[in-house]
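My notes follow in the order I took them.

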Amino acid sequence: MARFIDKLPFLEGPDSPDDAFNNGRGRVRGPSLGELFKLVGDTRATADDKSDNPALPPAAYSVDLSDSEVSRPVPFVLSFSNLTYSVKTKRLKSSHLATNSDLALMDQNSGSCTKTLLDSISGEARDGEILAVLGASGSGKSTLIDALANRIAKGSLKGSRTLNGEPLESRLLKAISAYVMQDDLLFPMLTVEETLSFSAEFRLPRTLSASKKKARVQALIDQLGLSNAANTIIGDEGHRGVSGGERRRVSIGTDIIHDPILLFLDEPTSGLDSTSAFMVVKVLRRIALSGSVVIMSIHQPSYRILGLLDRLLFFSRGQTVYSGTPSMLPHYFAQFGHPMPENENRAEFALDVIRELESSPTGSKPLVDFHRTWCLLNPSTNRSLTQSPTSLSLKDAISASISRGKLVSGTDGPAANDSSTMPTYANPFWVEMGVLTKRSFKNTSRTPELFIIRLFAVVVTGTILGTVFWKLDDSPKGVEERLGFFAFAMSTMYYVCADALPVFINERFIFLRETAYNAYRCSSYVLSNTIVSLPPLVVLSIAFACTTFFSVGLAGGLEGFMFYVLMILASFWSGSGFVTFLSGVIPHVMIAYVVVVAILAYFLLFAGFFINRDRIPNYWIWFHYLSLVKYPYEGVLQNEFGRTGECFIRGSQIFDNSPLGAMPHQMKERVLSAISGALGVKITDQTCVTTGRGVLNQVAVTQMGKWDCLLVAVAWGFLFRILFYFSLLLGGKNKRR
């Protein structure tokens with residue numbers, strides 16, 4: 001009976017329900033991932049065939065898994081013992097505490113409440129089997145998956161996890177495992193084939209040639225039933241793409257492309273129809289038979305899915321209420337006093353009983369106590385209380401697994417046997433950076449409207465400024481207007497950069513998912529992000545400079561124009577770096593926008609335009625030097641007024657912008673003569689009173705030259721990208737506290 005369980009038809013049930021749930025099957029050797037889905041067709045196609053032809057017999061759209069298999073010993077046994085995890089929450093209402101007294105403990109001094117999400121959970125999972133964790137929402141299913149996948153901080157989780165009796169080190173776990181999140185986190189503008197290809201570039205060893213990686217991707221596409229959607233983009237709310245079931249299969253494919261030994265999945269069937277969900281679990285079943293340990297959480301499995309599961313672990317508010325095979329469920333609940341009706345979905349019945357108990361005054365405590373007694377009286381049903389069969393050591397098991405064809409990322413040759421010498425990443429730094437850059441360029445190039453809108457905004461702003469400040473003269477009013485133009489223009493560069501905020505925030509969870517298991521380095525991502533963002537900044541800088549420099553009538557000729565372009569580029573560079581850093585610190589778009597707008601307003605206030613540097617109070621002068629707008633603003637002022645031979649106020653123009661400016665010209669000449677006599681210096685109507693250097697002295701722009709300002713602005717951009725790297729390094733742990 002054990003050997004025939006995998007020959008069950010796709011839709012027809014077994015002759016005996018107990019036979020379908022018999023888990024005493026012998027240990028068998030399944031194919032590698034390259035053979036896993038050979039007979040698995042497109043779910044959507046089979047569903048369409050069934051609906052179009054109701055008379056089609058089940059065999060026409062069934063999956064035959066009757067391949068010959070050879071017995072082998074059990075190489076991998078993942079054990080966990082007394083896993084306990086608690087979190088502190090806000091004060092709860094007394095009525096709620098009374099109902100959940102077994103889970104929450106009130107701290108009378110601090111007013112906080114300690115809630116236990118996992119309470120002494122023990123169990124075991126073996127390769128060739130699927131361990132399914134079931135329970136109502138909030139019961140702790142996902143928490144256990146996170147605990148086993150090392151996604152909970154070491155100091156917060158109590159208990160032990162071992163693989164073949166040896167402690168499971170974090171570095172080794174990342175190399176031999178994969179974690180499939182409940183949410184499908186994918187780049188929307190990449191096709192299915194491109195998504196899996198980039199995943200292969202990250203996760204597969206360098207020893208595989210490009211042709212082999214491509215062949216593996218193509219085989220995986222066929223095996224996942226995604227051939228018809230291979231060239232379809234993933235899609236999002238604004239772009240039509242693949243269906244929900246196809247999207248889920250792509251998400252799983254990106255994580256299993258390196259054929260992991262340990263596979264953790266958080267509700268992989270969530271949101272899928274019955275057929276798609278069954279196909280997903282069927283795929284997981286085949287992965288398990290290939291030599292992987294598969295542990296998944298599932299909310300409410302169907303009858304067919306339950307027939308594919310080997311071990312079940314039922315939770316109620318963080319405590320175990322059942323652990324064993326599906327076939328033992330009727331006997332277990334009958335002993336508890338809740339006999340199971342015939343032809344009842346066993347998982348649904350168990351969940352209904354658990355929910356009924358949870359709503360009672362005593363909660364699920366009677367079932368928890370019964371489970372402990374049951375395990376003591378029936379030790380053979382609970383592997384955590386019995387000695388595991390003889391298995392290979394972890395070192396030998398990994399070697400045997402690789403020799404059978406499993407691809408463990410970065411574990412080639414002798415390094416695979418020693419976790420201390422095992423490479424952390426599958427690829428070197430420059431390869432990661434190249435792949436990330438290629439992926440980002442490809443993803444952004446398919447949404448050109450975003451850059452076009454940004455370019456349009458810059459050109460329109462430059463055109464408005466150019467027409468408002470058209471051909472400024474060298475009069476005192478022209479000087480003031482130049483100062484206003486430069487202040488507005490330089491601050492505009494930073495506000496335009498605010499549109500980069502959603503870029504990383506939208507990619508944040510993709511980054512966390514990929515780096516959680518060392519797909520690539522944080523430094524590779526930061527440099528790739530920098531490279532991808534630079535070309536658009538160059539285009540925007542040239543566009544703004546061309547629309548404002550000549551129309552405003554700025555001085556300096558070609559040299560002045562080139563410096564003007566460089567300073568605008570430096571402004572964009574430092575501004576985009578600042579915004580990128582904030583996006584790494586603040587994960588919420590709207591909050592990040594508020595913070596960016598507020599800080600940029602402060603930068604403009606202290607840049608030196610509204611109040612000169614020498615007039616800023618001493619207790620605020622530090623903010624003047626931190627202002628990003630200060631350095632581009634002073635740089636373009638130096639470029640405009642720093643040349644010798646330029647005169648901006650001559651003779652009678654000294655009376656402009658004052659009440660004396662309304663005097664007749666002849667009266668101004670007589671006043672100038674009187675001033676000349678008093679000073680002993682002849683001042684005529686053509687005498688230069690204020691040069692460009694004089695203007696710089698008046699606005700207190702004297703501490704730095706224009707090239708110094710340019711270098712400081714560029715340095716700010718590098719500094720913020722370094723800070724962005726550390727924010728990812730410190731905030732990208734993606735672990736529960």
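I began with helix 20 and helix 26, which cross in a left-handed sense. I keep in mind that this is a predicted model. Helix 20 covers residues 557-585 and helix 26 covers residues 706-731. Their axes come within 8 Å and cross at roughly 20 degrees. Angles under 35 degrees count as roughly parallel, so helix 20 is roughly parallel to helix 26. I then checked what kinds of residues make this contact. I found 18 nonpolar, eight polar and three charged.

Next I turned to the record. UniProt, in an unreviewed entry, places "transmembrane region" at residues 451-472, 484-505, 526-555, 561-582, 589-611 and 710-731. I looked up two of these stretches in the model. How much of residues 561-582 is helix? The chain there is 100% helix and 0% strand. The end C-alpha atoms of that stretch lie 32 Å apart. Over residues 484-505 I read 82% helix and 0% strand. There the end C-alpha atoms are 34 Å apart.

My next pair was helix 6 (residues 192-203) and helix 7 (residues 210-223). Their axes come within 10 Å and cross at roughly 135 degrees. That angle makes helix 6 oblique to helix 7. The crossing of helix 6 with helix 7 is right-handed. Which residues make the contact? From helix 6 I listed E193, L196, S197, A200 and E201. From helix 7 I listed K213, V217, Q218, L220 and I221. By class, the residues of this contact are five nonpolar, two polar and three charged.

Strand 6 (residues 130-135) and strand 12 (residues 311-316) run parallel. I noted five bridges joining strand 6 to strand 12.

Technical notes
Residues are numbered from 1 along each chain as its sequence is written. This is a predicted model: local features need pLDDT of at least 70, side-chain atom pairs count only at pLDDT 80 or more; totals for chains, interfaces and linings use all residues. Side-chain values use heavy atoms; hydrogens and water are left out. Axes are lines fitted to C-alpha atoms, for helices over the stretch in contact, and angles run from 0 to 180 degrees between N-to-C directions. Helices (H or I, at least four residues) and strands (E, at least two) are DSSP runs, numbered from the N terminus. Angles under 35 degrees count as roughly parallel, over 145 as roughly antiparallel, 65 to 115 as roughly perpendicular and the rest as oblique. A crossing is left-handed if the near helix is turned anticlockwise from the far one by less than a right angle, and right-handed if clockwise. Contact means heavy atoms within 4.5 Å. Ala, Val, Leu, Ile, Met, Phe, Trp, Tyr, Cys and Pro count as nonpolar, Asp, Glu, Lys and Arg as charged, and the others, Gly among them, as polar. UniProt positions are given in the numbering used here, feature names are shortened, and annotations may be inferred rather than shown by experiment. Two strands pair if DSSP finds at least two bridges between them.
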